[in-house]
Amino acid sequence: MVATAALALALAGCGGGGKDGNGGEGKGTSTAPTVHLPRLKGQKLQVTAVWTGPERENFGKVLDEFERRTGATVDFVPSGDDMAGFIGSKVAGGGPPDVAMLQQVGVLNEFAEKGWLKPLGADARAQLAKNYTKGWRDLGAHNGTPYGVYFKASNKSLVWYNAKAFGNAGVGEPKDWKGFLKAAQTVAESGVQPVSVGGSDGWTLTDWFENVYLSQAGPEKYDQLARHQIKWTDPSVKQALTTLGQLFGRKDLLAGGTSGALQTDFPTSVTQTFGGGDAPKAAMVSSADFAAANIAQTKAKIGTDAKVFPFPAVGARSPVVTGGDVAVALKGNKAAQALLTFLASTDAAKIWAQAGGFVSPNKELDQAAYADGVMRKIAKALIAAGDDFRFDMSDQAPASFGGKPGQGEWKDLQDFLKNPKDIAGTQAQLEKDAAKSFRRHGGN
């Protein structure tokens, strides 16, 4: 795929208030605003997202600029990992937030089918047409109607590594799966636990599976499995789980062993790789670009201490799996539409890009806005890929299968991490859960 080549090229060698809502320059921007926003003085807006820690802090800078330009007051409410459950309870109680940042395409489709979402207004659609390729616009639409703006994207086909740990072990960046396992073994022999896995957050395990599956089975099979047009008992799934088991079945290659991996959440899986100075708890972690925000919580410097390479090729080429957070309106008010318009602009994307730990699918964003060279190259690869990428498989599924803690794919892959020898049992449970979820939501 074009995306693979673009990523490989991009990562090679990586080691006071606004004046008004009519275009007046805000404090948080260094150039004149590119988008007109209405005056919303006195209006209150509630926004929800899963973000915590540095991600929440950086998104807050974006919301602060929106407040300065419009006069509106924005209240951020964290949703927790179960966004679908959180929104469902709020809708049932008669008080949904005005805007939600959804992580799953499947959830957007579910909400649109239930009539919970409001279509994008003319101003937001205009920004979308100007700044986004068709692939990203289509992901935010349901049955041809545009509902969402993909504000934050992610390249999930990356491995971040502790440069000093690699140097001490005398290993370089592996290109393929065999080389990856060999490098992990060599790092282990040097006295550092090689691979950090955030297994207590089930979504991290779906990313591992998707990268292996896309590279090994190919994009056509990937699309079929994502839509449940083939079963999880398919031989291609067995092959991918067998491959993944070559890592998950080696306790000596996992930071903290199997039990440690199952008890480690995503933020810790990153920080333990780059904290600890000369004695890190791990040498590498497979994670999307947004891990940069967590690395920033340590003393490691991105590009020097913390480096990145493409997810190793399991098949003919390295995979390119993307994810993203899509902004949708659950209320039909002027303020909600204004925020969606702002989030679709380069102005909003620039704020978080400058803060770090962020990649935008906005093709018009000046790449110079990114905080460091590593993120700039990752973003450039994403834009260069155009529409030639594959979106996170679990995020395309109904939430009951692909997006809820303690159930469905998240739980099934956690059980697989516990017992990676039980490939047939894992496949059977995945198929049982997928079939039930897709039937419930009118799928295959």
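**Note on the strand pairing and the domain contact**

1. Strand 8 and strand 9 (residues 284-286) pair in the parallel sense over 2 bridges, where strands (E, at least two residues) are DSSP runs numbered from the N terminus, as are helices (H or I, at least four residues), and where two strands pair if DSSP finds at least two bridges between them. Within this pairing, the bridge partner of Val 195 in strand 9 is Met 284.

2. The model is predicted, with local features needing pLDDT of at least 70 and side-chain atom pairs counting only at pLDDT 80 or more, whereas totals for chains, interfaces and linings use all residues. Residues are numbered from 1 along each chain as its sequence is written, and side-chain values use heavy atoms, with hydrogens and water left out.

3. The two strands belong to an open sheet of 4 strands in the order 8-9-7-10, with mixed pairing. Strand 8 (195-196) and strand 10 (306-310) are at the edges and have a single partner strand each, so one side of each lacks a neighbour in the sheet.

4. The domain assignment, which is automatic or taken from a database, gives domain 1 as 44-155 + 322-391 and domain 2 as 158-319 + 399-441. Their C-alpha centres lie 26 Å apart, and the contact (heavy atoms within 4.5 Å) takes 21 residues from domain 1 and 24 residues from domain 2.

5. About 1,800 Å² is buried between domain 1 and domain 2, with carbon and sulfur atoms giving 60% of this area; buried area here is the accessible area (1.4 Å probe) that two parts lose on being put together, summed over both. On the side of domain 1, the residues losing the most area to domain 2 are Asp 81, Asn 155 and Arg 390, which together account for 29% of what that side buries.

6. Across the interface of domain 1 and domain 2 there are 2 salt bridges, each defined as a side-chain nitrogen of Lys or Arg within 4 Å of a carboxyl oxygen of Asp or Glu. Arg 390 also meets Asp 223 through their side chains in a salt bridge, at 3.0 Å from N to O. The elements giving two or more residues to the domain 1 side include helix 3 (83-92), strand 6 (148-155) and strand 12 (390-391), and strand 6 supplies the largest share, 4 residues.

7. The structure as a whole holds 15 salt bridges. One further pair is Glu 65 and Arg 68, whose closest N and O atoms are 3.1 Å apart; both residues lie in helix 2, 3 residues apart, about one turn of the helix.
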